[in-house]
Amino acid sequence: MVVSGFVAQCQRDLLLAFRQRSEVLQPLLFFVLIISLFPLGVGPGPQILQKIGPGIVWVAALLSAMLGLERMFRDDFNDGYLEQMLLSPTPLPVLVMAKVVSHWIVSILPLIIVSPLLALFLNLTSGMLQALVLTLLLGTPVVSLLGAIGVGLTVSVQRGGVLISLLLLPILVPLLIVATAAVDAATVQLPYQGQILILAALLLLSLALAPVAAAYALKVSLE
Amino acid sequence: MWKWLHPYAKTEQTYLLCGRLLPWFSVLGLLLIVTGSVWGLVFSPADYQQGDSARIMYIHVPTAILSMSTYAAMAIAAVIGLVWQIRTCDMAVAAIAPVGAVITALALFTGAAWGKPMWGTWWVWDARLTSELILLFMYLGVLALYSSFDDKQKGGRAAGLLAIVGVINLPIIHFSVEWWNTLHQGASITKFDKPSIANEMLWPLLINLVGLAFIIGALVLLSLRNEILRREIKRPWVGKLTGEQNNAI
């Protein structure tokens with residue numbers, strides 16, 4: 001029951017997302033656009049770009065993830081699907097987890113896939129690129145998981161879009177710090193295993209707690 | 001203890017309790033803070049290195065310490081509200097958040113005013129300053145979430161959940177920021193050694209700390225009373241209290 005519910009929910013969300021491709025592509029374009037704005041703003045010097053590159057990529061990834069987050073529950077809230085999720089025999093945290101997984105695949109995985117291209121823009125070395133992709137792979141699921149709590153809290157609020165960013169960005173500060181520290185260490189070819197392990201710990205912690213918290217937030221929003 | 005606490009799940013009882021406690025908190029708080037401030041600002045010796053500018057410590061240190069404790073108090077209220085579904089606790093979350101935000105802003109402001117003559121700059125990205133700034137953002141997040149709900153009961157529970165998520169995150173933020181700072185800047189100028197503080201400076205500081213805690217308590221009681229009245233305005237007991245019967249259902 002639990003597994004089949006999870007799979008069915010994932011299938012539905014992925015199918016819906018691929019039917020509305022333009023909406024999925026927008027955060028990706030936004031991501032690329034922000035990153036190409038930075039060289040224009042701070043000057044094209046390769047040294048500077050390499051120095052601030054990891055931070056730029058991470059901040060841009062956080063911002064474009066914020067853009068896509070609202071999709072996670074907003075439409076389902078408007079057409080009453082969320083109520084059906086509450087009534088379903090599959091536990092709500094499992095369904096929330098399925099939505100988180102499909103959201104990550106749809107709106108964040110493409111960002112990670114284009115990041116090698118952006119590494120060329122920002123003059124990152126291949127060692128830095130490796131570290132960057134690794135931190136993105138481990139870190140962005142945390143964004144989706146905590147994002148589910150944020151969207152769950154704000155889904156019944158009109159114009160909740162900016163509010164989600166206000167709630168989530170302060171909470172995501174540790175992620176940004178640890179991830180960019182890992183890439184910085186890779187710049188000077190130091191080992192960055194420690195940072196990666198901390199990221200993994202953050203991922204496990206939010207994996208354990210966030211679906212339950214998000215399910216509770218949805219219940220509060222729907223009552 | 002449960003029996004003793006249970007009546008306060010009713011808003012009316014809590015309202016009356018707040019009213020009974022309020023004079024104690026405000027009188028004690030005012031007394032202590034006036035004593036501590038006058039002692040600290042006028043009679044205590046000036047710091048041998050920092051001179052008279054160090055006197056801002058008597059305001060800055062209490063606000064900085066209590067900004068954290070106030071967040072903890074808000075999160076505890078939120079946990080009680082979440083676990084036992086006590087409505088007055090959700091109201092307490094909404095009542096504590098603005099007070100905490102003001103205290104945090106005060107700590108940042110007095111810190112900046114102290115930093116200017118001592119470090120020569122209003123702001124450095126030191127670990128303590130950064131985590132205090134993020135604490136302010138988290139208070140503001142709770143406030144923003146609460147105020148964006150039309151249904152205040154729902155808003156209170158949502159804000160409570162956010163406060164709990166925040167309190168799990170605060171230590172993580174604190175340590176990551178500390179780590180980030182040491183990674184990027186090495187030993188920074190702003191790390192004080194724990195000063196073995198002279199007694200005649202320690203006493204006014206402690207008095208101000210306790211006094212400010214009472215003042216915060218008094219402000220929270222006041223705003224909790226307001227919160228209860230605002231949410232229960234249609235209840236008969238509120239109508240009786242204000243002598244206005246036409247509000248009753």
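This is a predicted model: local features need pLDDT of at least 70, side-chain atom pairs count only at pLDDT 80 or more; totals for chains, interfaces and linings use all residues.
Let me start with the contact between the two chains, to which chain B gives 22 residues and chain A gives 18 residues. On the side of chain B that touches chain A, the elements that contribute two or more residues are α5 (127–147) and α6 (152–185) of chain B, and the largest share of that side, 14 residues, is supplied by α6(B). Sorted by class, that side of chain B holds 15 nonpolar, 5 polar and 2 charged residues.

Let me turn to the packing inside chain A. Two packed helices are described by the angle between their axes and the distance between the axes, and I will give both for each pair. Helix α2 of chain A, residues 21–42, and α6(A) have axes that come within 9 Å and cross at roughly 25°; since angles under 35 degrees count as roughly parallel, α2(A) is therefore roughly parallel to α6(A). The crossing of this pair, α2(A) and α6(A), is right-handed. From α2(A) the contact draws on V24(A), P27(A), L28(A), F31(A), V32(A), I35(A), S36(A) and P39(A), while α6(A) brings V106(A), S107(A), P110(A), L111(A), V114(A), L118(A) and F121(A). By class, this contact of α2(A) with α6(A) has 13 nonpolar and 2 polar residues, and no charged ones.

Now, α3(A) has a feature of its own: the helix bends by about 50° at I52(A), and a proline, P54(A), follows within four residues. What do the ends of α3(A) say about its span? The 24 residues of α3(A), at 1.5 Å a residue, should span 34 Å, and the end C-alpha atoms are 33 Å apart, which agrees.

Let me move to chain B, where I would like to take a pair of helices together. Helix α3 of chain B, residues 57–84, has 28 residues that should span 40 Å at 1.5 Å a residue, and its end C-alpha atoms are 40 Å apart, which agrees. After α3(B) comes Q85(B), whose phi is positive, near 55°. Helix α4 of chain B, residues 87–119, has 33 residues and reaches 47 Å from its first C-alpha to its last, close to the 48 Å expected at 1.5 Å a residue, and just after α4(B) there is G120(B), with a positive phi of about 80°.

How do these two helices of chain B, α3(B) and α4(B), pack, and at what angle? Their angle is about 160°, with the axes 8 Å apart, which means that α3(B) is roughly antiparallel to α4(B). The crossing of α3(B) and α4(B) is left-handed, and the residues of their contact divide into 19 nonpolar, 9 polar and 1 charged.

How values were computed
Residues are numbered from 1 along each chain as its sequence is written. Chains are lettered from A and ligands numbered from 1 in the order in which they are written. Two residues are in contact if their C-beta atoms, placed from the backbone, lie within 7 Å. Ala, Val, Leu, Ile, Met, Phe, Trp, Tyr, Cys and Pro count as nonpolar, Asp, Glu, Lys and Arg as charged, and the others, Gly among them, as polar. The expected span of a helix is 1.5 Å times one less than its number of residues. The bend at a residue is the angle between axes fitted to the seven residues ending there and the seven starting there. Axes are lines fitted to C-alpha atoms, for helices over the stretch in contact, and angles run from 0 to 180 degrees between N-to-C directions. Angles under 35 degrees count as roughly parallel, over 145 as roughly antiparallel, 65 to 115 as roughly perpendicular and the rest as oblique. A crossing is left-handed if the near helix is turned anticlockwise from the far one by less than a right angle, and right-handed if clockwise.
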